[in-house]
Each structure stands twice: as structure tokens, then as C-alpha cells.
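Here is a friendly briefing to read alongside the model. Keep the sequence and the 3D view open as you go through the topics below.

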Amino acid sequence: MKAVMWQETDNRLKKTFRFPDFKTAFAFMTEVAAAAEEMDHHPEWRNMYNVVHFELYTFDAGNTVTKRDHKLAERIDEIAATYNAKE
């Protein structure tokens, strides 16, 4: 399956991931939270059962997309791949 690219709209990088169940989605979110803390760049995200939706932007840059967002998106994709996330 070809990876779906992050979409940049409304000064946000956006992407949605789907997992087999809530437990897997939550494990993914936990790993993303640790990576975000390490990078000192935190996502805006929503979770509903097995779906996790991200919107990335940099508050300190006037709520626009920056290199920090692209780096976090890349890391999120790497983590999602380990969970065989559907996009």
C-alpha cells in the first residue's frame, strides 16, 4: 500500500490514521506522545475509537506550518508504520 501524504490546508498539516482497535490506536498515541515530548513539539490530535487525526502547526510561528511540523509528521509516519496503520 502506498503511503498517503500529509495534506497542507488552512495552515495545517493534516492526516488520519486507522488501526484495528482502540488499544492499538492508544499504543500508537502513547508512542507519538513520547516522540513529541522528545522533540518539544506537540500535535493537535483527536481520537475516536480506532481513528487518530492530526493537525500540525507551530504556534510560535503564527500558527503556520514550519520545518518542525514536517519533522514531527515524518516521525509520526515512522511510528504509524510499526503499527501497520491504515491511512
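## Phe54 and its surroundings

Leaving aside residues up to four places away in sequence, Phe54 touches Trp6, Leu13, Lys14, Lys15, Phe17, Phe28, Val32, Pro43, Glu44, Trp45 and Ile76, where contact means heavy atoms within 4.5 Å. Phe54 is buried, with a relative accessible area of 0%; buried means under 20%, exposed over 50% and partly exposed in between, using a 1.4 Å probe and protein chains only.

Before going on, two notes on the basis of all this. The model is predicted, so local features need pLDDT of at least 70 and side-chain atom pairs count only at pLDDT 80 or more, while totals for chains, interfaces and linings use all residues. Residues are numbered from 1 along each chain as its sequence is written, and side-chain values use heavy atoms, with hydrogens and water left out.

**The sheet**

- Four strands make an open sheet in the order S1-S2-S4-S3, with antiparallel pairing; strands pair if DSSP finds at least two bridges between them.
- S1 and strand S3 (44–48) each have a single partner strand and stand at the edges, so one side of each is left without a neighbour in the sheet.
- On average, neighbouring strands of this sheet are turned by 20° against each other, direction ignored; axes here are lines fitted to C-alpha atoms, for helices over the stretch in contact, and angles run from 0 to 180 degrees between N-to-C directions.
- Strand S1 (residues 7–9) pairs with S2 in the antiparallel sense over three bridges, and Gln7 stands opposite Lys14 in S2.
- A hairpin is formed by S1 and S2 with two residues between them, and Asp10 in the turn has a positive phi of about 55°.
- S2 and S4 run antiparallel and are joined by six bridges; here Lys15 stands opposite Phe54 in S4.
- Strands (E, at least two residues) and helices (H or I, at least four) are DSSP runs, numbered from the N terminus.

- H2 lies across S1, S2 and S4 and runs at about 5° to S2.

**The nonpolar core**

- The largest nonpolar core has 20 residues, and Trp6, Phe17, Phe28, Phe54, Leu56 and Ile76 touch the most other members; such a core is a set of buried Ala, Val, Leu, Ile, Met, Phe, Trp, Tyr and Cys residues joined through side-chain atoms within 4.5 Å.
- Two or more residues of this core come from each of strand S2 (12–18), H1, strand S4 (51–56) and helix H2 (67–82).
- With six residues, H1 gives the most to this core.

**Aromatic rings**

- There are nine aromatic pairs, counting rings of Phe, Tyr and Trp (its six-membered ring) whose centres lie within 6.5 Å, with planes under 30 degrees apart called stacked, over 60 edge-to-face and the rest tilted.
- One of them is the tilted pair of Phe22 and Phe26, at 5.8 Å centre to centre and 45° between the planes.
- Both Phe22 and Phe26 belong to helix H1 (residues 22–39), where they are four residues apart, about one turn of the helix.
- Phe22 is partly exposed at a relative accessible area of 38%, and Phe26 is also partly exposed, at 46%.
- The ring centres of Trp45 and Phe54 are 5.5 Å apart and their planes lie at 50°, so this pair is tilted.
- One aromatic cluster is formed by Trp6, Phe17, Phe19, Phe28, Trp45, Phe54 and Tyr83.
- The charged end of Arg12 sits over the ring of Tyr57, 3.6 Å from its centre; the rule asks for NZ of Lys or CZ of Arg within 6 Å of the ring centre and within 35 degrees of the ring normal.

**Positive phi in the loops**

- Asp40, in the loop between H1 and S3, has a positive phi near 55° although the residue is other than glycine, and Asp40 is exposed at 55% relative accessible area.
- Tyr49 is not a glycine either, yet has a positive phi of about 50°.
- Tyr49 is placed in the loop between S3 and S4 and counts as partly exposed at 49% relative accessibility.
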